[in-house]
Amino acid sequence: MAGVTTAARVSLRRHRGASAPATRFDRRLAEILTHATEVFCKRGYEGASMRDLSRASGMSLAGLYYYFESKERLLFLIQKHTFSTIVQRLKARLEGVSDPEKQIRIFILNHLEYFLANPASMKVLSHEADVLKNGFASEVAAIKREYYRICVGLLDDLKRDRGLEFSTRIAVLSLFGMMNWIYTWHNPRVDADAEQIAREMGDIFLRGVMDGADGRK
């Protein structure tokens, strides 16, 4: 149980906020999660072993088991770190912005920037979304619900500000559908960067919800 307690304490310390000083172990943990993400991306969660994760991270198998008693904990920390980082960055970028359309465009840019910079994380989150169980699953689900509710709030603000009528649920899920599969087709050699894609995707999405709502009046 000592390893579980240590890992949990390290996880909490890492997610306290951007202003918290990173310790040597915090940095090492980030490196291990990066290596674990690559292994899960290439082999899949079921196909990856703790020995694979040990080789990729450069940590002994005994050391890996001491700090992370299972590969499920590693997957949990990957998912928690990813979603927590996205939410924290989004909140910081939304501060001081009052225009609903600009807020939605910030939401899209924030999402695409992170996942285009971290395609392996995107693939792992998409393919292994239902692997976590019990407490791990509920903690990650709570962060995902917060992220979803932020998007719902932004769309509701747009509806009130512009006097629009459309299904917020359908709009939000459609937006996530546009954004979440970008890792399956984006080719940095021929496709635009996150900023341009976010601008064009925002145009398509906002034109759709605003023109469609106007047409039903």
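Which residues lie nearest the centre of the largest pocket? In this predicted model, local features need pLDDT of at least 70, side-chain atom pairs count only at pLDDT 80 or more, and totals for chains, interfaces and linings use all residues. Residues are numbered from 1 along each chain as its sequence is written, and side-chain values use heavy atoms, with hydrogens and water left out.

F83, L125, A129, K144 and N180 lie nearest the centre of the largest pocket, and its lining comprises 21 residues. On a 1 Å grid over the protein atoms alone, a pocket is an open set of points where a 1.4 Å probe fits, with protein on both sides within 12 Å along at least five of seven lines; lining residues have an atom within 4 Å of a point. The space in this pocket amounts to about 600 Å³, a volume being the space filled by probe spheres set on the points, which are joined across faces, edges and corners. Two or more lining residues come from each of α5 (71-94), α6 (100-117), α7 (119-127), α8 (134-162) and α9 (168-180); helices are DSSP runs (H or I, at least four residues) numbered from the N terminus. The most is given by α8, with 6 residues. The lining has 14 nonpolar, 5 polar and 2 charged residues, where Ala, Val, Leu, Ile, Met, Phe, Trp, Tyr, Cys and Pro count as nonpolar, Asp, Glu, Lys and Arg as charged, and the others, Gly among them, as polar.

Two packed helices are described by the angle between their axes and the distance between the axes. Axes are lines fitted to C-alpha atoms over the stretch in contact, and angles run from 0 to 180 degrees between N-to-C directions. The axes of α5 and α8 come within 10 Å and cross at roughly 20 degrees; the two helices are therefore roughly parallel, a class for angles under 35 degrees. Their crossing is left-handed, that is, the near helix is turned anticlockwise from the far one by less than a right angle, whereas clockwise is right-handed. Residues in contact (heavy atoms within 4.5 Å) include F76, F83 and L90 of α5 and F136, I143 and K144 of α8. By class, this contact has 11 nonpolar, 2 polar and 7 charged residues.

The axes of α6 and α9 come within 10 Å and cross at roughly 35 degrees, in a right-handed crossing. F107, I108, H111 and L112 of α6 meet L175, F176, M179 and N180 of α9. This contact has 6 nonpolar, 2 polar and no charged residues.

Helix α2 (residues 24-43) packs against helix α3 (residues 50-57) at about 130 degrees, with axes 9 Å apart. The crossing is right-handed, and among its contact residues are I32 and F40 of α2 and L53 and A56 of α3.

Conventions
Angles under 35 degrees count as roughly parallel, over 145 as roughly antiparallel, 65 to 115 as roughly perpendicular and the rest as oblique.
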